[in-house]
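Subject: The structure, and some notes on it

Hi there,

Here is the structure I promised to pass on. Please have it open while you read, and my notes follow below.

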Amino acid sequence: MNTLEILRVTKDCDDWDKLICFAENCSWEAAGVHLAEMMKKDLFIDWESVFCAKQNGQIIGFCTFLKTDYYPENRYSPWISSMFVDEDFRGNRISRQLIECAAGYAKEVGFTKVYIPSGITGLYEKYGFQKIDVLINYGGDTDNIFMRNC
C-alpha cells in the first residue's frame, strides 16, 4: 500500500536532514542546492516554511513558503515556490497536495492569497490559480505569476 504524507518540516523534525540530502541530490539542481543551503543556514524567518512529500517514508518532493522569491521586485507575498516532485512520482497530483498543504498553512498564519511563480502554463490553473502578472527574475528570465485564494 502506498501512503503519501505531506509535512511541514521544521529544524527540530527528523526529516530536516533527510530533506537537505534529498534537495542537494534532486534533478532540479539550482532549486535543490539553494533550498539545502537555506535549510543548513536556517534562513527561514517568521512563518516561512518548507514542506515535503513522502511516500512510504521516502522523501519524493518539496516546496517552500516564503516572504520573497527570486525577483528584484517582490510586490507579492507569500510565495509557494521551488515546487519539485521526483520524476518517478510525477503525474500523481503530488504537487497539488503540496500546494494545498502550503495554502492551508498560509491561511493558518493569516494570509488570504498565495502566489506561485512559473514558466509553465496550464499546470497551476488546474489547481485554482490565475495568471495575474509577469515578472523578470534575477537571472533575467520572465516568469508568469499565479495567484489564488487560500
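Which residues of α2 are buried? They are A31, G32, L35, A36, M38 and M39, where buried means under 20% relative accessible area, exposed means over 50% and partly exposed lies in between (1.4 Å probe, protein chains only). An α-helix has 3.6 residues a turn, so residues three or four places apart point the same way.

Before I go on, a word on the source: this is a predicted model, in which local features need pLDDT of at least 70 and side-chain atom pairs count only at pLDDT 80 or more, while totals for chains, interfaces and linings use all residues. Residues are numbered from 1 along each chain as its sequence is written, and side-chain values use heavy atoms, with hydrogens and water left out.

Helix α2 runs over residues 29–40; helices (H or I, at least four residues) and strands (E, at least two) are DSSP runs, numbered from the N terminus. Its 12 residues reach 16 Å from the first C-alpha to the last, close to the 16 Å expected at 1.5 Å a residue, the expected span being 1.5 Å times one less than the number of residues. On the face of α2 turned away from its buried side you will find the exposed residues E29 and A30. The cover over the buried residues of α2 includes α1 (15–25), β2 (49–55), β3 (58–66) and β4 (79–85). Just after α2, D42 takes a positive phi of about 50°.

Helix α1 can be read in a similar way. Its buried residues are D15, W16, L19, I20, F22 and A23. They cover an arc of only 165° around the axis, which puts them on the same side of α1. D17 and N25 are exposed on the other side of α1. The buried residues of α1 pack against β1 (4–9), α2, β2, β3 and β4, with contact meaning heavy atoms within 4.5 Å.

**The largest pocket**

The largest pocket has a volume of about 960 Å³. On a 1 Å grid over the protein atoms alone, a pocket is an open set of points where a 1.4 Å probe fits, with protein on both sides within 12 Å along at least five of seven lines, and lining residues have an atom within 4 Å of a point. Grid points are joined across faces, edges and corners, and the volume is the space filled by probe spheres set on the points.

Which residues lie nearest the centre of this pocket? Out of 37 lining residues, they are W28, S81, S82, M83 and P117. Strand β4 gives the largest share of the lining, six residues, and α2, β3, β4, α3 (94–108) and β5 (113–118) each supply at least two. By type, the lining divides into 20 nonpolar, 12 polar and five charged residues. Here Ala, Val, Leu, Ile, Met, Phe, Trp, Tyr, Cys and Pro count as nonpolar, Asp, Glu, Lys and Arg as charged, and the others, Gly among them, as polar.

**Single residues to look up**

- L66 in strand β3 is buried, with a relative accessible area of 7%. Leaving out residues up to four places away in sequence, L66 touches M38, F44, W47, E48, S77, P78 and W79.
- The peptide bond from S77 to P78 is cis, with omega near 5°, and P78 sits in the loop between β3 and β4.
- S95 belongs to helix α3 and is buried at a relative accessible area of 12%. Beyond its neighbours within four places in sequence, S95 is in contact with M83, V85 and Y127.
- D46, in the loop between α2 and β2, has a positive phi of about 50° although it is not a glycine. D46 is exposed, with a relative accessible area of 62%.
- N56, in the loop between β2 and β3, also has a positive phi of about 50° without being a glycine. N56 is partly exposed, at 44% relative accessible area.

Best wishes

Terms used. Arc of directions from axis to C-beta.
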